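Look at the protein shown below. The report that follows goes through its parts by topic.

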Amino acid sequence: IVSHLTSKNVFGDDLLYLPACRSGLNLLYKEAVGEYASRDSFMESGDNDSLPPAKKLGLTKPFWDYMLFLMQYKEDDDNERKNKSLISFVEKEILKGGHIISKNDEIQYITEDGLKLPLHVSSSMVNEISPIRLLLSSRNRIKNIFYDEIETSQHPKTQLQLARLLNRLVNAGFKMFVSTHSDTMAAAISNLVTLSFCENKLEKAKELGYEEADLLKEDCIHAYQFEKVDGKTVVVELEKFVNQGIGFDFTLFNEANEKLYADYQVIARENASAI
C-alpha cells in the first residue's frame, strides 16, 4: 500500500491511510509536522537544507498525510450530522460510552464518567480508533480508507464490533481497504459477509444479536492472502463460499488454529493420563 501511494495518486484527494503505528503517530504529529502543516510541504524544501521536510523525517507521503490530517482536523457540523449513526455506533459499541472530540486544537477523549483526557494519556485502544471517529466528523470528505492492522490494541470482543463497523462504513459509501493479522478479525468479517447473503438473514441476524445495518447491501467484498510461492511472497485472492455458508477460506489462519487445537489435545491427553 505504501509504495503504491507514494507514486501518482489514482484515488484522488479523498483518501486517508491509517498506518499500523497510529498510537505512536498520535503522540508525535504536532512536533513532527507542526512547522510544515500543509499538504504541499511534502514536496517543498525545508528551511535549512534542500530536502523536503517529510524526507528529512524519514516519512512516506501516506504517513505524512495522516499526521497532517490530525494537525489540520476541523469539525464539520454537516459531516457529523450525515454520519451521526456511524459516530453513535463507534461511541456506544467500541468506546463504550466514551467520546472523542477536538477542543482548542487538542484531540481529547471523554470517558463515560465525563473525565477529559488528552490522547497521549488515553489507552492505546482509544488512540487506535480515534482517526475513524475524527474522519466521520471532519471537514475533509474522505471516502477511501486504507486501514492497516485494524485489530491493533483491540480486544477480541471489540474486533467483532469492528467487523460490524466495517460493513456499516461500506454501506454508507466508504471504500475500505483493510489488513489484519488477527484470525478473530478475519473470522468476524467472514461471518458477517456470509450472514449478509444467506436465507432468512434478518431472522438469523436478530438471533445472533446483530442488526440489519450490520449486513452488507451489496456483495462487494474481496479477500486476499499473502503466500510464499517458490521463495517469493505473492498476493492470492481467496475463494468465497457464501452460498455454502462458509465465507472466506483463510487457510493460513486455519492451519495455525488447527495446530493449536492438535497441540491442546496431546497436552490434555497426557495430563489426564498422568492424573
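This is a predicted model: local features need pLDDT of at least 70, side-chain atom pairs count only at pLDDT 80 or more; totals for chains, interfaces and linings use all residues.

## The nonpolar core

The largest nonpolar core has 60 residues, and the members that touch the most others are Leu136, Ile145 and Leu165. In soluble globular proteins, nonpolar side chains tend to be buried together.

## The protein as a whole

The protein contains 11 helices and 10 strands. Of its 275 residues, 41% are buried. The accessible surface comes to about 15,800 Å², and carbon and sulfur atoms account for 51% of that surface.

Contacts can also be sorted by how far apart the partners are in sequence. Among contacts between residues at least 6 apart, 65% join residues at least 24 apart.

## Helices H2 and H7

Helix H2 covers residues 22-33 and helix H7 covers residues 124-135. Where the two pack, their axes are 8 Å apart and the angle is about 80°. An angle from 65 to 115 degrees counts as roughly perpendicular, so H2 is roughly perpendicular to H7.

Which residues of H2 and H7 meet? From H2 they are Arg22, Ser23 and Asn26, and from H7 they are Ser124, Asn127, Glu128, Ser130 and Pro131. Sorted by class, this contact has one nonpolar, five polar and two charged residues.

## Helix H6 and what covers it

Helix H6 runs over residues 84-94. Its buried residues are Leu86, Ile87, Phe89, Val90, Glu91, Glu93 and Ile94. The list includes two glutamates, Glu91 and Glu93.

What covers the buried residues of H6? The cover includes helix H5 (77-82), strand S2 (99-103), H7 and H8. Just after H6, Lys96 takes a positive phi of about 55°.

Val170 is found in helix H8, which spans residues 156-171. Not counting residues up to four places away in sequence, Val170 touches Met176, Leu216 and Cys220. Val170 and Lys217 are 47 residues apart along the chain, and their C-alpha atoms are separated by 8.6 Å.

Leu192 lies in helix H9, residues 183-196. Is Leu192 buried or exposed? Buried means under 20% relative accessible area. Leu192 has a relative accessible area of 2%, so Leu192 is buried. Not counting residues up to four places away in sequence, Leu192 touches Ala163, Arg164, Asn167, Tyr210 and Asp214. Asp214 is 22 residues from Leu192 in sequence, and the two are 7.5 Å apart in space, C-alpha to C-alpha.

Thr111 is placed in the loop between strand S3 (106-110) and S4. Thr111 counts as buried because its relative accessibility is 18%, and the cut-off is under 20%. Leaving aside neighbours within four places in sequence, Thr111 is in contact with Gly98 and Leu117.

Ser122 is in the loop between strand S4 (116-118) and H7. With a relative accessible area of 13%, Ser122 is buried. Its contacts, again leaving aside neighbours within four places in sequence, are Tyr109, Leu117 and Asn127.

## The loop between S5 and H8

Glu149 is in the loop between strand S5 (144-147) and H8. Ser153 lies in the loop between S5 and H8 as well. Phi of Glu149 is near 50°, a positive value in a residue other than glycine. Ser153 is not a glycine either, and has a positive phi of about 65°.

Ser153 has a relative accessible area of 40%, so Ser153 is partly exposed.

Key:
Residues are numbered from 1 along each chain as its sequence is written. Side-chain values use heavy atoms; hydrogens and water are left out. Helices (H or I, at least four residues) and strands (E, at least two) are DSSP runs, numbered from the N terminus. Buried means under 20% relative accessible area, exposed over 50%, partly exposed in between (1.4 Å probe, protein chains only). Contact means heavy atoms within 4.5 Å. Accessible areas come from the Shrake-Rupley method with a 1.4 Å probe; for residues, only the protein chains shown count as cover. Axes are lines fitted to C-alpha atoms, for helices over the stretch in contact, and angles run from 0 to 180 degrees between N-to-C directions. Angles under 35 degrees count as roughly parallel, over 145 as roughly antiparallel, 65 to 115 as roughly perpendicular and the rest as oblique. Ala, Val, Leu, Ile, Met, Phe, Trp, Tyr, Cys and Pro count as nonpolar, Asp, Glu, Lys and Arg as charged, and the others, Gly among them, as polar. A nonpolar core is a set of buried Ala, Val, Leu, Ile, Met, Phe, Trp, Tyr and Cys residues joined through side-chain atoms within 4.5 Å.
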